[in-house]
Amino acid sequence: MSVRVLALALGAGLAGCGGGSGSASAPPTRTLPAQMPQTVETTTVPPASTPGATASTPATTATRPPRTGRTAPPESVPGGAGDEGGIRVPVAFVLTGGRLQPPSVAVPAFLRLELGVRNGDRRPHVIRFAGHRLSVGAGAAAGTIVRGLRKGTYPVLVDGRPAGRVVTGAQPGP
């Protein structure tokens, strides 16, 4: 009977897969049962006192694994809770003549920012942004990770003077 259940489960899984329906608007979907029945094949040896029993009598028993009442935490599952911390939005500036290019960068709010500055000048500069300080040598680059910021406009200072800005709360897309 377990072979029949397995064959039905595989047949249902394969029925969900298939060629294209000619529609490019939605990908094909496949529904699987919430919990597949599991069978475990065991060999039992009856006690010697049982009349007519031999040591080589196999028995097949359908069992389920013991339930512990606990499930895996969402953080341990790919795509589960906690993956948000890995998202970083790049914010890249090039410094030339004391000015930043581009002069303004728009990013979504609340996501961590990966601020990077490449210094094209022949002298070092100090960059300040959202409580962070970067020292960028002549012809060098520097960067830092900035925690997510609320919606707003944040100045980028070069040697204490406003030279650019980061606008948070922008929506992605064209």
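In which sense do β5 and strand β8 pair, and over how many bridges? β5 and β8 (residues 152-158) pair in the antiparallel sense, over 2 bridges, and the legends below place this pair in the rest of the chain.

This is a predicted model, in which local features need pLDDT of at least 70 and side-chain atom pairs count only at pLDDT 80 or more, while totals for chains, interfaces and linings use all residues. Residues are numbered from 1 along each chain as its sequence is written, and side-chain values use heavy atoms, with hydrogens and water left out.

**View 1. The whole chain and its confidence.**
The secondary structure comes to 1 helix and 9 strands, where helices (H or I, at least four residues) and strands (E, at least two) are DSSP runs numbered from the N terminus. From the N terminus on, the elements run α-β-β-β-β-β-β-β-β-β. The pLDDT, which is the predictor's confidence in each residue on a scale from 0 to 100, averages 73 over the chain, and 49% of the residues score at least 70. Over residues 5-44 the pLDDT is below 50, and this stretch has 23 contacts in the model beyond near neighbours in sequence, a contact being heavy atoms within 4.5 Å. Residues 57-61 also have a pLDDT below 50, with 9 contacts beyond near neighbours in sequence. Of the 174 residues of the chain, 17% count as buried, where buried means under 20% relative accessible area, exposed means over 50%, and partly exposed lies in between (1.4 Å probe, protein chains only).

**View 2. The open sheet.**
Five strands form an open sheet in the order β3-β9-β8-β5-β6, with mixed pairing; two strands pair if DSSP finds at least two bridges between them. β3 (104-107) and β6 (132-136) stand at the edges with a single partner strand each, so one side of each is left without a neighbour in the sheet. From one strand to the next, the twist averages 20°; the axes behind such angles are lines fitted to C-alpha atoms, for helices over the stretch in contact, and the angles run from 0 to 180 degrees between N-to-C directions. Within the antiparallel pair of β5 and β8, the bridge partner of Arg 128 is Leu 157 in β8.

β3 and strand β9 (residues 161-168) pair in the parallel sense over 4 bridges, and in β9 the bridge partner of Ala 106 is Val 167. The covered face of β3 has Val 105 and Val 107, whereas Ser 104 and Ala 106 are on the uncovered face.

**View 3. Loops on either side of β3.**
Pro 102 lies in the loop between β2 (99-101) and β3, and the peptide bond from Gln 101 to Pro 102 is cis, with omega near -5°. Phe 110 lies in the loop between β3 and β4, where its phi is near 70°, a positive value in a residue other than glycine. Phe 110 is exposed, with a relative accessible area of 60%.

**View 4. The salt bridge of Asp 159 and Arg 123.**
Side chains of opposite charge can pair when their charged atoms come close. Here the side chains of Asp 159 and Arg 123 meet in a salt bridge (3.2 Å, N to O), a term for a side-chain nitrogen of Lys or Arg within 4 Å of a carboxyl oxygen of Asp or Glu. The pair links distant parts of the chain, 36 residues apart, with Asp 159 in the loop between β8 and β9 and Arg 123 in the loop between β4 and β5. Asp 159 counts as partly exposed at 28% relative accessibility, and Arg 123 counts as partly exposed at 46%. Phi of Asp 159 is near 55°, a positive value in a residue other than glycine.

**View 5. Asp 121, an acidic residue without a salt bridge.**
Asp 121 lies in the loop between β4 (112-119) and β5 (125-129). Asp 121 is buried yet has no salt bridge, and the nearest side chain of opposite charge, Arg 123, is 5.6 Å away; in this count Lys and Arg are positive and Asp and Glu negative, while His and the chain ends are not counted. Not counting residues up to four places away in sequence, Asp 121 touches Leu 95, Thr 96, Gly 97, Gly 98, Ala 138 and Gly 139.

**View 6. Pro 90 and Leu 115.**
Pro 90 lies in strand β1 (residues 88-96) and is exposed, with a relative accessible area of 60%. Pro 90 and Leu 115 are 25 residues apart along the chain, and their C-alpha atoms are separated by 6.2 Å.
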